[in-house]
Amino acid sequence: MISVQTALEQLFALVSPMETEGVSLVNAAGRVMSHDATANRDQPPFSASAMDGYAVRSGDITPSASFQVIGESAAGHALDQSVASGQCARIFTGAPVPPGADRVIIQEDVTREGDTIRITGDIGTSDHIRKQASDFATGDALRAPRRLRPSDIALLAAMNVAQVTVYRKPQIALISTGDELVMPGETPGPDQIIASNTFGLKAMLDDLGANARILPIARDNRPALELSFDLAKDADLIVTIGGASVGDHDLVGSVASDLGLEQKFYKIAMRPGKPLMAGRLNDAAFVGLPGNPVSAMVCGHVFLKPVVLAMLGLGAAPSLRQQATLAADIPENGPREHYMRATVTNGKITAETRQDSALLSVFADANALLIRPPNDGPRNSGDVMDYLPI
Ligand code: AMP
Ligand code: MG
């Protein structure tokens, strides 16, 4: 059995970043940008008023000074005239500050009579001008790789970047295996259960930016598994669920190797999730997950997530751990790294009492996987522990 860390390193060696594609800005949210995007212009492209008021020359300002209004500068309608000494221009938010003027007095601080204004308020010290390029300048870049958030999309739009280059979404085929499984919504027979972790994994992987496809359930026989692998052959990553142990009906490893699997490892010193296998299957990376619902989901968090992020060009690194203090004592750990379902509240972590890897309700209650290193001794309330948020 290999360690979680070694398994992860071997998994990273099975994948590489996807090729890239162009997408328009409206479809770019959540995608991972693969090349820097560069501003095609300054923002603002001219010095602009930040307020509604009057643009003046700052040298003219004295308490209760008067100015002659010579015209108007509105957003999208610049005034094509300079402001000379003793003059001002009516100006609105976002409008270009006319040549000559270097300060805006807000309208609340003046009194206007006809075409004359007089300063009647305390005008403060701000010039109320957004200087040209004060947000960003031509040539400034948004650096890749970067997962694009709504604020990035707004910035790219302002930069006049209408299309960005992103990593293609990894195509992931999810194959559930088992004679006992039916799809949610179907009517199970008396000895059947519903395929569940398949759907949890799809949600997890799609959320990361992959495109996960749930294939029809493969029954526990060779032709069914061969057909499923055939249906999955266009995928970048093939994930099977179940059938990976050593029972009479666990055929995944054997069928995959007949189809050309170059197996990298089988079995990891972790709990839950020991019977995990991985390798290259023709053009795809292959991960065989254990079938127990919680085992499959924990392996998703610990292995599939980092692998998908690596495929998305975001680098090969384990899922980021956080730390919390133990709320209650826990006994020593065995020889396998244990990912205990736990709840973190206000910086304190509590392991769930029931840790059976079939219990999805406990898993749904948890918001963390408390990580116990192999052979970790007993831990006391107040000890600082690593966990993965889930
Ligand atoms: P296996 O690894 O095939 O022996 O499966 C281990 C346990 O997980 C068995 O109780 C299966 O019924 C269950 N199981 C396997 N696949 C799934 C699935 N996709 N959804 C829910 N339970 C599953
Ligand atoms: Mg099975």
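**Close-up views of a predicted model**

**View 1. Residues around ligand 1.** Of the 16 residues around ligand 1, those that come nearest are Glu180, Ser196, Asn197, Gly243 and Gly291; a residue is near a molecule or strand if one of its heavy atoms lies within 4 Å of it. This is a predicted model, in which local features need pLDDT of at least 70 and side-chain atom pairs count only at pLDDT 80 or more, while totals for chains, interfaces and linings use all residues. Residues are numbered from 1 along each chain as its sequence is written, chains are lettered from A and ligands numbered from 1 in the order in which they are written, and side-chain values use heavy atoms, with hydrogens and water left out.

**View 2. Polar atoms at ligand 1.** Glu180 has a polar side-chain atom 2.5 Å from an oxygen atom of ligand 1. Ser196 has a backbone N or O atom 2.9 Å from a nitrogen atom of the ligand. For Asn197, an N or O atom in the side chain is 2.9 Å from a nitrogen atom of ligand 1. A polar contact is a pair of N or O atoms within 3.5 Å; within protein, one must be able to donate a hydrogen and the other to accept it, and residues adjacent in sequence count only if both atoms are side-chain atoms.

**View 3. Domain 1 against domain 4.** The protein chain is divided into domain 1 (4-17 + 169-311), domain 2 (21-42 + 135-167), domain 3 (48-130) and domain 4 (322-389), with bounds from an automatic or database domain assignment. The C-alpha centres of domains 1 and 4 lie 25 Å apart. Their contact (heavy atoms within 4.5 Å) takes 16 residues from domain 1 and 14 residues from domain 4. Between domain 1 and domain 4 there are nine residue pairs in polar contact, both at pLDDT 80 or more. On the side of domain 1 that touches domain 4, strand E21 (270-271) and helix H6 (293-311) each supply at least two residues. Helices (H or I, at least four residues) and strands (E, at least two) are DSSP runs, numbered from the N terminus. H6 gives the most to this side, with seven residues.

**View 4. The salt bridge of Arg31 and Glu21.** The side chains of Arg31 and Glu21 form a salt bridge, 2.7 Å from N to O. The term means a side-chain nitrogen of Lys or Arg within 4 Å of a carboxyl oxygen of Asp or Glu. Arg31 lies in the loop between strand E1 (20-24) and strand E2 (32-33), and Glu21 in strand E1, ten residues apart. By this rule the count comes to 16 salt bridges, with zero between domain 1 and domain 4.
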